[in-house]
Amino acid sequence: MPLLLFSRVACAMSMRNHTSVTEFILLGISNTEGLESMLFALFLVFYVFALLGNLLIFLTILASPNLHTPMYFFLGNLAVFDIFFPSVNSPKMMDYLVRQGRTISYQGCASQIFFYHTLGCTECFLYTVMAYDRFVAICYPMRYTVIMNHRVCTCFTVGTWLGGFVHGSILTFLIFKLPYCGPNEVDSFFCDIPVVLSLACADTSLAQTVSFTNVGVVALTCFLLVLTSYTRIVISILKIRSSEGRRRAFSTCSAHFTSILLFYGPVILVYLRPASSPWLDSVVQVFNNVVTPSLNPLIYSLRNKEVKLALRKVLSQAMQPLGYKE
């Protein structure tokens with residue numbers, strides 16, 4: 001009987017300890033003391049540009065019937081993603097820089113991890129689907145509209161977002177089923193798996209293994225599929241006899257390939273390295289969170305004639321009620 005009473009008390013104490021952390025403290029980006037105002041202005045410019053640029057791309061695709069093709073359907077999805085993704089962490093980061101708002105609630109931290117990895121996995125799947133779309137368009141041009149019909153595009157899109165949701169849910173569950181009862185200082189400007197796991201009061205080997213494997217398998221599988229698609233694309237392009245045809249085919253894929261490099265670079269540097277470097281991780285994450293989403297509208301508008309023409313038409317129509325003429 002005393003043994004049973006003792007175990008119940010110990011269990012109750014353990015449960016209290018496991019829920020003792022109600023908020024986390026974000027330590028921000030190391031070695032940036034005194035640069036808060038400059039960094040805030042810089043991040044705000046990138047964030048606003050990401051929101052407005054991607055919104056403009058999305059509205060242009062909606063308003064232009066000639067862009068209602070599978071390629072631009074997926075580009076519209078990417079624009080929506082690039083509106084959501086920087087909004088997960090950028091507002092909190094700018095709040096930290098302006099008001100020194102270092103604290104984030106336990107639920108807020110879990111939400112950041114969930115949405116960050118849900119959207120990150122969705123982007124990974126989306127780039128893979130976009131690579132397959134380019135593969136079909138260049139390698140099987142006569143069957144392109146049959147293969148990439150509306151139903152297939154819809155299934156691909158629903159699958160990318162659903163797959164991202166499942167991925168983010170698994171990782172968030174694994175991280176936050178662990179007890180957090182000790183230190184609560186997160187060595188970053190937002191909550192992410194490596195920095196939060198180090199604060200757990202229990203064995204994290206399972207969570208580390210599953211998260212590393214999950215992120216690694218998803219990223220590697222998607223990368224290999226993209227690589228396979230582009231290998232076939234390059235082989236097909238080299239078989240085109242006219243230099244003008246080869247140039248047009250390469251220009252069609254160059255924007256997408258540039259975005260892929262900008263996406264996979266940070267993933268490899270942060271999640272697939274054996275040793276972690278907090279300062280390098282912060283720099284890479286800032287680039288991934290703020291800079292890349294603001295660059296995609298430039299990449300796709302400057303390197304794509306159809307998007308440039310459609311943008312010009314949409315902007316000229318918007319300016320006409322204000323008295324401007326083309």
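This is a predicted model: local features need pLDDT of at least 70, side-chain atom pairs count only at pLDDT 80 or more; totals for chains, interfaces and linings use all residues.
Reader: Which residues form the positive surface patch?

Author: The patch is formed by R248, K305, K308 and R312. R312 has its place in helix α11.

Reader: How is R312 classed, buried or exposed?

Author: A residue counts as exposed when its relative accessible area is over 50%. R312 reaches 53% relative accessibility, so R312 counts as exposed.

Reader: What elements make up the chain as a whole?

Author: The secondary structure comes to eleven helices and three strands. Starting at the N terminus, the order of elements is α-β-α-α-β-α-α-α-β-α-α-α-α-α. Of the 326 residues in the chain, 45% count as buried.

Reader: What span should helix α4 have, and how far apart are its end C-alpha atoms?

Author: A helix is expected to span 1.5 Å times one less than its number of residues. Helix α4 covers residues 106-139, and its 34 residues should therefore span 50 Å. The end C-alpha atoms of α4 are 50 Å apart, which agrees.

Reader: Is α4 mostly covered or mostly open, and how many of its residues are buried?

Author: Helix α4 is mostly covered, with 27 of its 34 residues buried.

Reader: How many salt bridges does the structure hold?

Author: Side chains of opposite charge can pair when their charged atoms come close. This structure holds two salt bridges. One of them joins K92 to D95, with the closest N and O atoms 3.8 Å apart.

Reader: Where do K92 and D95 lie?

Author: Both are in helix α3, residues 70-99. K92 and D95 are three residues apart, about one turn of the helix. Both residues are buried.

Reader: What is the distance between the closest N and O atoms of R134 and D133?

Author: R134 forms a salt bridge with D133, and the distance between those atoms is 3.0 Å.

Reader: Why does R134 count as buried?

Author: The cut-off for buried is under 20% relative accessible area. R134 counts as buried because its relative accessibility is 8%. D133 has a relative accessible area of 2%, so D133 is buried too.

Reader: Which residues make the nonpolar surface patch?

Author: V158, L162, F165, V166 and I170 make a nonpolar patch of about 450 Å². V166 is found in helix α6. With a relative accessible area of 42%, V166 is partly exposed.

Reader: What else is found in helix α6?

Author: T154 is found in helix α6, which runs over residues 150-176. A residue between the buried and exposed cut-offs is called partly exposed. T154 is in that class because its relative accessible area is 31%.

Reader: Where does N149 lie?

Author: N149 lies in the loop between α5, residues 144-147, and α6. At 29% relative accessibility, N149 counts as partly exposed. N149 and T69 are 80 residues apart along the chain, with 9.3 Å between their C-alpha atoms.

Methods. Residues are numbered from 1 along each chain as its sequence is written. Side-chain values use heavy atoms; hydrogens and water are left out. Patches are made of residues with over 30% relative accessible area and no salt bridge: like charges are joined within 9 Å, nonpolar side chains (Val, Leu, Ile, Met, Phe, Trp, Tyr) within 5 Å. Accessible areas come from the Shrake-Rupley method with a 1.4 Å probe; for residues, only the protein chains shown count as cover. A salt bridge is a side-chain nitrogen of Lys or Arg within 4 Å of a carboxyl oxygen of Asp or Glu. Lys and Arg count as positive and Asp and Glu as negative; His and the chain ends are not counted. The place of a charge is taken as NZ of Lys, CZ of Arg, CG of Asp or CD of Glu. Helices (H or I, at least four residues) and strands (E, at least two) are DSSP runs, numbered from the N terminus. Buried means under 20% relative accessible area, exposed over 50%, partly exposed in between (1.4 Å probe, protein chains only).
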